Amino acid sequence: MEAVITSMVADRPVVIFSRSTCCMSHTIKTLISGFGANPTVYELDEIQNGQQIERALQQMGCKPTVPAVFIGEQLIGGPNQIMTLQVKNQLVPLLIRAGAIWI
């Protein structure tokens with residue numbers, strides 16, 4: 001299943017695995033989009049193999065499993081990791097390096 005996740009994030013600057021009903025996922029999508037990035041979003045409750053993907057994300061260390069954010073094909077983590085990067089002013093440089101946004 002990790003291979004499926006790898007192919008889902010390949011060649012995409014920002015990928016967010018989300019659940020359509022998760023308010024934290026919505027917050028993270030809004031934050032990243034607010035910088036001008038256009039993340040690829042997979043709503044795990046709306047795609048066919050969402051439960052298997054969610055289990056694989058958990059095995060990769062995502063707790064909670066959503067939102068799970070990949071930037072530059074690297075698993076960054078969930079809301080705590082994203083907000084920590086934001087507070088330290090490291091999120092925008094990461095998005096720029098991944099080619100998600102341009103200044």
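Guide: We'll take the aromatic rings, then turn to one threonine. Keep in mind that this model is predicted.

Visitor: Okay, rings. How many aromatic pairs are there?

Guide: The count comes to two aromatic pairs. Phe 17 and Tyr 42 form one that is stacked. Their centres are 5.3 Å apart, with 25 degrees between the planes.

Visitor: Where do Phe 17 and Tyr 42 lie?

Guide: Phe 17 lies in strand β1 (residues 14-18) and Tyr 42 in strand β2 (residues 40-43), so the pair ties together parts 25 residues apart in sequence.

Visitor: Buried or exposed, those two?

Guide: Both Phe 17 and Tyr 42 are buried. The other pair is Phe 17 with Phe 70, edge-to-face. Here it's 5.7 Å centre to centre and 75 degrees between the planes.

Visitor: And how far apart in the chain are Phe 17 and Phe 70?

Guide: They are 53 residues apart, with Phe 17 in strand β1 and Phe 70 in strand β3.

Visitor: Why does Phe 70 count as buried?

Guide: Because its relative accessibility is 3%, and buried means under 20%.

Visitor: New topic. Where is Thr 65?

Guide: Thr 65 sits in the loop between α3 (50-59) and β3 (68-71). At 9% relative accessibility, Thr 65 is buried too.

Visitor: What does the side chain of Thr 65 make a polar contact with?

Guide: The side chain of Glu 54, at 2.7 Å. Leaving aside neighbours within four places in sequence, Thr 65 is in contact with Arg 19, Glu 54, Leu 57 and Gln 58.

Methods. Residues numbered from 1 in each chain as written. Predicted model: local features only at pLDDT ≥ 70, side-chain atom pairs only at ≥ 80, totals over all residues. Heavy atoms only, no water. Helix = DSSP H or I, 4+ residues; strand = E, 2+ residues; numbered from the N terminus. Buried < 20%, exposed > 50% of the residue type's maximum accessible area, 1.4 Å probe, protein only. Polar contact = N/O pair within 3.5 Å; in protein donor to acceptor, adjacent residues only side chain to side chain. Contact = heavy atoms within 4.5 Å. Phe/Tyr/Trp six-rings, centres within 6.5 Å; stacked < 30°, edge-to-face > 60°.
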